[in-house]
Amino acid sequence: MWDEDPSTGDPRTAAARESDEPQDPNDTPRWDFPIVGIGASAGGLSALEAFFSGMPSDRDPGMAFVLVQHLAPDHESVLPELIGRQTRMQAFQVEDGVRVEPNVVYVIPPGRDMSVSEGRLHLTVPEVPRGHRLPIDILFRSLATEQGAHAICVLLSGTGSDGTMGLRMIKGEGGMAMAQAPETTEYRGMPESAIRTGLVDFVLPPEEMAGQLMEYVRTALPGGSGSASPKAPRTHASPESEDVLETLFTLLRDQTGHDFSEYKDTTLDRRLTRRMAVQHVDRLEDYVRFLQRNPEELEALFHDLLIGVTRFFRDPEAFQALGDAVSEMIARRTPGSVVRVWVPGCSTGEEAYSIAILLRKQMEAIGRSFRVQVFATDIDPRAIEVARAGVYPASVAPDLPDGDLARFFVPEEHDETQHRIREDIREMLVFSEQNILRDPPFSKLDLISCRNLLIYLNSDLQKQVIPLFHYALNPGGLLFLGTSESVGTFNDLFAPLDRKMSLYRRQEISHDHTRPALAPFGRPRKGTPSGRRLKEQAPGAAPVPLRRLTETALLKEDAAVAALVDETGKILYLHGRTGLYLEPAPGDEGMNVLQMAREGLRRELAITFHAARTRKERMRRNGLEVRTNGDSVRIDLVVRPVSGRAPAKTGSAERDSPLFLVILKPAPDTASGRAAPTPSVGDGDRDPELEGRILELEEELEAGEAYLRATQEEMQSTNEELRTSIEELQSTNEELQSTNEELETSQEELQSLNEELATVNSELETKVADLSRAQNDMNNLLAGTGIATIFVDQELRIQRFTPTATQLLNLIKADEGRPVGDLASKMASYDSLAEDAAQVLETLEARELEVEGEDGRWYLLGIRPYRTLQNVIEGAVITFIEITELKEAQAAVRETEELRRLAVVVRDSNDPIVSLDLHGRIQAWNPAAAGAYGWSEAEALEMNYLDLVPENLRAETRSMFEAVREGRDLEPFRTERLTRDGDPMKIWLTATELVDESGRPYGISCTERRLRREAQEAG
């Protein structure tokens, strides 16, 4: 198909891009860095992680990444966090209006569509219902408009076809497209849909995409890191370059049957440069050698040259101007007449359908009905198949006027993301393959819409096409070109109706202007030089010898209308206005004069042509009545061989085909009315023998005609029977199809929901794994600390507990859900756990207290509110921290402190003070005791108290120890002790028992006051 204007709205884009002036927006980047659009759906999470893990870890990529994934609108995405773990780049969720910066990953938020414009990301609320949205297409289309040839798109795992239309637009701008290899995906739908277009540059596993992407940016885009982009192949440079290009054109022509040597140089440069960058080839000579070794690259280059980007109602202002002109044109038409339209270079049909819709709306506006025939042609059979199907994604809705999607399209029952053009609109169009520069044009047309095709052809070809349009149009017919195109110097052929919108009306000219030659732009014979080489070899020569051949033959005839045909009737050249006698046969790939003949001419032409071909002499039929446009004209028909031969193909073999000239001229008026058809084999005088021979031939001819008519009637009868059988089969097929469609009615919506669920599931799986790790860490932490912990809800029901709590409180798994107050208390003097927890939940103030267990162990009981990350109270946390050792240490400290204070008292006392354990071992010995008894403190601590007691008093002392152990009170008493020298010493003994915190005696403190000698003597 012809490479249409890649712009999506700005009429200046195409003009600047394809003009020979320096202002080419594709020569310089619209931004300093490329923006990579990434689309993913179900199964895309693992692909995204693999993609970003392949990014270099030691440097920034110098690109921005905009990510669209099908997300449930009510599910908060954790995608930025997951991607951020795989790359050094920052990843975050987009906010409306954020400026795009390099080395950042932008992630679409749930429930929004996202587009890029003027370097910023814009969010919108989806207008189409859930299950019908195509957010990836929306991003890719805006990216194509924003970045042009520097746009890059990547399609990863997912179902459906979202992203394919946007990918087409990016490729139309000359951008690059990647798709995940289907065998590496979890869901193959989206990548396979993109790959089927034949436009994907790289099909790779996601882990290999980053490296290829970095290399492409380095080599293909100006400003990429590393070396400069491949040197552009100058199509008008040195003779050596011309030879290389000639070889390239020959390879393309032999592979595809089309000659692109007359393409505009700027278009060829840009397409070749991009393909060279994809293949990492720097020189044109090397690329041509690569093409010779790789036929598949020839196909890829061919498709790059044929990329067509079109839209419904592209340039709305231009269509408004066209609508006004069409309304005026059809208002003058008689009811029941036919409106004929030709749309050459129709691509995938959007513009042809737009014109059909426009005509339908204009007819409804004026309240009149006409039969409409829209002939839409293109050289790309793939594009024609798409156009014939008439099925387009829901993403075309923004291009259509309000209400037109619901009015002129019907959702596909098995796939509601696709819309089929309404049947009454589809019946207005006929799609066929045609090369505008090689095949005969349509004629008797009211409108030709050829938009953004001329900008891709050089000036010589444009000078051929404009007169051809003039020939094909009716007087006053309309010519609708792209907003960046014009009729050039042919102002005598067309008058502007709206110069800004490139809308023209055909002007009448003198009869000296004849139909221009039809140069064989495509399918020249293998080995023949291309168009530009022909011009070098024969400057100034006529581009098509068939014209000279036809005109030379016409010199012998008095006729203004003729057709040069081969032996099969295929038209090779038309001379004069043939519309009165010939009309196009819809759907034919090539134009055949036998099929194009109007009523009244067809049968006679077939007979006469057969006779001329068989006898190889001039044959004539006079006075034929031909019906045309509701009227009839009488003509004379002449078919004569032409001395000259033209190349033609039959099957796969090539041969020379004999040529014939079919001459049509008005019959001279006669007084007798219509003359009987009279065959003639010559123009000389006729003798009686010749007249007899003529009568004999007439009888044979009549017999042959009768036989032919009988055969035709029999064939018609057979055709009717076949048609009836086909209709019955079609009816059965429709019933089966209806049943099948009913079974698949909800498939797309379920599929969309499944994609969202798969995406959510992938994120949740990752989140669950993270939570599982966090929970394991927390469990190990709590178990490692040995702290008994119980979690309760706001109703004080046990939710969970740590293993230590099971040992302390004898909890089991079945206790989860029980009120904490139902637990049997194992604390010696504490049974208000439930009340304290309820108070904490009421006051939100933490509480701590020390409690003693039944086993004598001490615990620090803590009760605190349970707060979520959102600061919501959802219960309480109860902890038991064992502090038995702390309590014992505190008791030891207190005891030591008491002993310290007692030691001070004992030390400063004038009376001997001795501390003993219950076995009589001396524990303390103050200075007064050392002075009284003569033993030092060190010596005394090695002694037993009984060593100080006379033998006769030891029983008394033992009874004192026994009384202390039994807890009996001791009264002071008089007794006697021995000094170191063995001298007895009378003392007044006061014995005091020593007890611990629990009241148990552990020793005796003896205060021994010496009695005075006077008292001793008195006693």
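1. In this note, a residue is called buried when its relative accessible area is under 20%, exposed when that area is over 50%, and partly exposed in between. The structure under review is a predicted model. The points below take up selected salt bridges and strand arrangements.

2. The definition applies directly to a pair in helix α29, which spans residues 954–965. E962 has a relative accessibility of 32% and therefore counts as partly exposed. R965, with a relative accessible area of 39%, is likewise partly exposed. The side chains of these two residues, R965 and E962, meet in a salt bridge with an N to O distance of 3.0 Å. Because R965 and E962 are three residues apart in the helix, about one helical turn separates them.

3. Salt bridges that share partners also build a network, which joins K171, D201, R275 and E297. Across the whole structure, a search finds 44 salt bridges. Side chains of opposite charge can pair when their charged atoms come close.

4. One of these contacts is the salt bridge between D201 and R275, whose closest N and O atoms are 3.1 Å apart. This pair links distant parts of the chain: D201 lies in the loop between α6 (189–196) and β10 (202–204), whereas R275 belongs to helix α9 (residues 265–278), and 74 residues separate the two. D201 and R275 are both buried.

5. A further salt bridge connects D911 with R1009, with the closest N and O atoms 3.0 Å apart. Here too, distant parts of the chain are linked: D911 sits in the loop between α26 (884–908) and β31 (913–917), and R1009 is in strand β35 (residues 1001–1010), 98 residues apart. The relative accessibility of D911 is 15%, and the cut-off for buried is under 20%, so D911 counts as buried.

6. Turning to the strands, β7 (residues 120–124) shows an alternating pattern of side chains.

7. Strand β7 has pairing partners in β4 and β6. With β4 (residues 98–99), β7 runs antiparallel and is joined by two bridges; R99 stands opposite R120 of β7. With β6 (residues 113–117), the pairing is also in the antiparallel sense and extends over five bridges; D113 stands opposite T124 of β7. The hairpin of β6 and β7 has two residues between its strands, and in this hairpin E118 takes a positive phi near 55 degrees.

8. Elsewhere, five strands form an open sheet in the order β27-β26-β30-β29-β28, with antiparallel pairing. The edges are held by β27 (798–801) and β28 (847–852); each has a single partner strand, so one side of each is left without a neighbour in the sheet. On average, and with direction ignored, neighbouring strands of this sheet are turned by 20 degrees against each other.

9. Within this sheet, strand β26 (residues 788–792) and strand β30 (residues 873–882) run antiparallel and are joined by five bridges. The bridge partner of A788 in β30 is F880. Helix α25 (residues 833–843) lies across β28, β29 (858–867) and β30, and runs at about 35 degrees to β29.

Key:
Residues are numbered from 1 along each chain as its sequence is written. This is a predicted model: local features need pLDDT of at least 70, side-chain atom pairs count only at pLDDT 80 or more; totals for chains, interfaces and linings use all residues. Side-chain values use heavy atoms; hydrogens and water are left out. Buried means under 20% relative accessible area, exposed over 50%, partly exposed in between (1.4 Å probe, protein chains only). Helices (H or I, at least four residues) and strands (E, at least two) are DSSP runs, numbered from the N terminus. Two strands pair if DSSP finds at least two bridges between them. A salt bridge is a side-chain nitrogen of Lys or Arg within 4 Å of a carboxyl oxygen of Asp or Glu. Axes are lines fitted to C-alpha atoms, for helices over the stretch in contact, and angles run from 0 to 180 degrees between N-to-C directions. Contact means heavy atoms within 4.5 Å.
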